[in-house]
Amino acid sequence: MILYLPQGFYPLLNKSFEEDEKLNDEIKIIERKKEIPKGAVMIFGFPDVGLVGVIAASHLISELGLDEVAYIESQLLPPITVLHEGLPHSPIRIFGNHNILLAVSETALPGELIYPIMHALIDWARSKEVKMMISISGIPVQDRQDLEELKVFAAASNPEMLKMAQDKGVEILREGYMVGPQAVMLQYCATLGLPALTLLAQCFLQYPDPEAAAKVLEHLASFTGVKVDVSKLLEKGEEIRLKARDLMKRTQQELAKMRKTQEYDIPLYIT
Amino acid sequence: MSEEESFRRRRSIFDLIDEYFESLEAWAERVRETFFERPSWNCRTCTIEPLRDIMVTSDEVIVTVDLPYAEQNTIQVKQVSKDTIEISAKMRRKVSFDDFGITHHRGEFQRFHCRTKIPVPVYMDRMEIRFKRGILEIRLPRKHEYEIPIE
């Protein structure tokens, strides 16, 4: 049934169509520094279970003194800006030095934006000829309180990276589901043929976990070649748990929408 | 002119109505979510609301609460009504907004306080409490009122 109405008949509806067509659905990465080193290792630390990625990333930034090299700007993101010393910054930023590039988000990523953001970041990293991409996150365990030693697991985008991870003493996640930005990263890097790795430390599902972040940083050192002192992270553990409370609450809401609990599921074995 | 016609043909009135109702539902969902949102700190009573989690298993309900900086001997778990418990604890040191670098709010906090509703009937008087590594774990055995026999 075709309904033809004159242009001005439904002014509001027509206006929303025009605005939709003009909506900018791009993710732009705006570089702050003129020269960004090539051949670096790109690390992703996004809010996820236990906030392992974000806590590890912010510790790396303060220990290694990384500078902001780029940030993400997009109208798809909610209207949030982070204020540091009175000046606005994008919530998703990329820090770096001559051999590490680190992408961090200070706000929980909405589920529907993970694909565009990860694709934009990986395409940008490819243009900077990064030699490896590593995503830091956590794997939730129910009896985390009783665990004394935390294990770190890995998944990779090609068999060579898997072998490298095994040689460095990290156990491989053989079968299972992965939900979130690290899942999209692995999939996209596997499609493009880029070496990528996900490091997952055992952590709490619902609470920020600085000990898991310390554990994953210890293993990360063997991949990046840059050793980081994690003693301060463990000392300030309680302070970090207090500060990270609100971010954890927002992340929990986004994880629930993404159906993060599918990671607990046992997969039907289809090879 | 032909472009405009084909544009309107793509969106018939039924699609318009469907889209309108979908966006209305999404908006109602968002409003419902924000209705219950409140900041997690309360300046008047100097308390912070801690993160918590409830797990219901077949015999018990496990409530975990994340209490960094809490002093173990000041943790109190009280039963407020037959399905609500209230948890409060004192912190080892006072935390103020200045510690986080925030200067536009003023306030100091020294207590944790939160209230949780237990979704299933439990025996409140048989509660077991464990505090390990800054996480408080409360176990409450479930009350099975009656069992339905399988024929």
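In chain A, A:Ile114, A:Tyr115, A:Met118, A:His119 and A:Ile122 of α3(A) meet A:Pro181, A:Val184, A:Met185, A:Tyr188 and A:Cys189 of α5(A); contact requires C-beta atoms, placed from the backbone, within 7 Å. These residues divide into nine nonpolar, one polar and no charged. Ala, Val, Leu, Ile, Met, Phe, Trp, Tyr, Cys and Pro count as nonpolar, Asp, Glu, Lys and Arg as charged, and the others, Gly among them, as polar.

The model is predicted: local features need pLDDT of at least 70, side-chain atom pairs count only at pLDDT 80 or more, and totals for chains, interfaces and linings use all residues. Residues are numbered from 1 along each chain as its sequence is written, and chains are lettered from A and ligands numbered from 1 in the order in which they are written.

Helices are DSSP runs (H or I, at least four residues), numbered from the N terminus. Axes are lines fitted to C-alpha atoms over the stretch in contact, with angles from 0 to 180 degrees between N-to-C directions.

| Helix pair | Axes come within | Crossing angle |
|---|---|---|
| α3(A) (residues 114–127) and α5(A) (residues 181–192) | 10 Å | roughly 50 degrees |
| α2(A) (residues 52–64) and α6(A) (residues 210–224) | 8 Å | roughly 65 degrees |

The second contact joins A:Val52, A:Ile55, A:Ala56 and A:His59 of α2(A) to A:Pro210, A:Ala212, A:Ala213, A:Val216 and A:Leu217 of α6(A). By class, it has eight nonpolar, one polar and no charged residues.

A:Val216 also has contacts beyond four places in sequence with residues including A:Ile136, A:Val152, A:Leu199 and A:Ala201.

Methods: Helix = DSSP H or I, 4+ residues; strand = E, 2+ residues; numbered from the N terminus. Contact = placed C-beta atoms within 7 Å.
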